[in-house]
Amino acid sequence: MTETTQRRNTATGTGKQDGGTTPQGRRGDSTAPPEARGSTAVADVVVAKIAGMAAREIPEIHNLGGGMTRAFGAVRQRVPGGGSGVTQGVKVEVGERQAAVDLDVVVEYGAAIADTAADVRTNVINAVERMTGLEVVEVNIAVDDVHLPDEEEEEGESGQEGRRVA
C-alpha cells in the first residue's frame, strides 16, 4: 500500500498520469505531445501559393498557366484588387494529411523538359511538405508552351495592335 501511494505521489509530482485517468481542468491532457493537442487545417489556396512559388523558383520555368489562363491572369493583374496570380496554373487537392498538385508550365526554350520537370517536382514537394506538414502524393506537370527569346517583343507589339484609339 505504501508503494502504491508513493508511485501516485511521484507520478503527480512529475506530471505523469496514473491508471489512465484524465487530469481535470481547462487545459485537458497536459502529458500529450504538443502536436496531438488540437488540429491544423491547411486551405487549398495556401498549398497552391506554396506550390506556385516553388515552381517559379526553378530558372527554366518562364511562367505558369496555359495560354488562356495567362491571358486572364494578365487582365486580372491590371484590375485593382485582382490579385497577384501566384496560383495561376496551379490546381491542388488537399486532404487531411495528403495533397496532390497539378501544374501547367511554360518552359524556356533550350531547357531539358524532363530535367526541368524533375526539378520542379522536387522543389514543390520539398516546399509543400516542409511548410505544411502534408504528404505530397503527386505533382503532375503539363508543359503547355515553350517561351522563345524573341516572343516578348512580339507580345508587346501585338498588344499595341489590338488597342483602339478613341
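**View 1. The polar contact between His 147 and Glu 108 in the predicted model.** In this predicted model, the side chains of His 147 and Glu 108 are joined by a polar contact of 3.0 Å. His 147 belongs to strand β4, and its relative accessibility of 5% means that His 147 counts as buried, since buried stands for values under 20%.

**View 2. The largest nonpolar core and the elements that supply it.** The largest nonpolar core comprises 23 residues, and those with the most contacts inside it are Ile 61, Val 90, Val 101, Leu 103, Val 120, Val 124 and Val 128. At least two residues of this core come from each of the helices α2 (44-56) and α4 (113-132) and from each of the strands β1 (61-64), β2 (90-94), β3 (98-108) and β4 (135-147). Helix α2 provides the largest share of the core, with six residues. In soluble globular proteins, nonpolar side chains tend to be buried together.

**View 3. The surroundings of Val 90.** When residues up to four places away in sequence are not counted, Val 90 touches Ala 48, Ala 51, Gly 52, Leu 64, Val 101, Asp 102 and Leu 103. Val 90, Val 101 and Leu 103 are among the residues with the most contacts inside the largest nonpolar core.

**View 4. The second largest pocket and its lining.** The second largest pocket holds about 170 Å³ of space, and the residues that line this pocket are Thr 40, Ala 41, Val 42, Gly 95, Glu 96, Arg 97, Thr 132, Gly 133 and Leu 134. Sorted by class, the lining of this pocket consists of three nonpolar, four polar and two charged residues.

Conventions:
Residues numbered from 1 in each chain as written. Predicted model: local features only at pLDDT ≥ 70, side-chain atom pairs only at ≥ 80, totals over all residues. Heavy atoms only, no water. 1 Å grid on protein atoms, 1.4 Å probe; cavity = no way out; pocket = protein on both sides within 12 Å on 5 of 7 lines; lining within 4 Å. Points joined across faces, edges and corners; volume = space filled by probe spheres on them. Nonpolar A, V, L, I, M, F, W, Y, C, P; charged D, E, K, R; others polar. Core = buried A, V, L, I, M, F, W, Y, C linked by side-chain atoms within 4.5 Å. Buried < 20%, exposed > 50% of the residue type's maximum accessible area, 1.4 Å probe, protein only. Helix = DSSP H or I, 4+ residues; strand = E, 2+ residues; numbered from the N terminus. Contact = heavy atoms within 4.5 Å. Polar contact = N/O pair within 3.5 Å; in protein donor to acceptor, adjacent residues only side chain to side chain.
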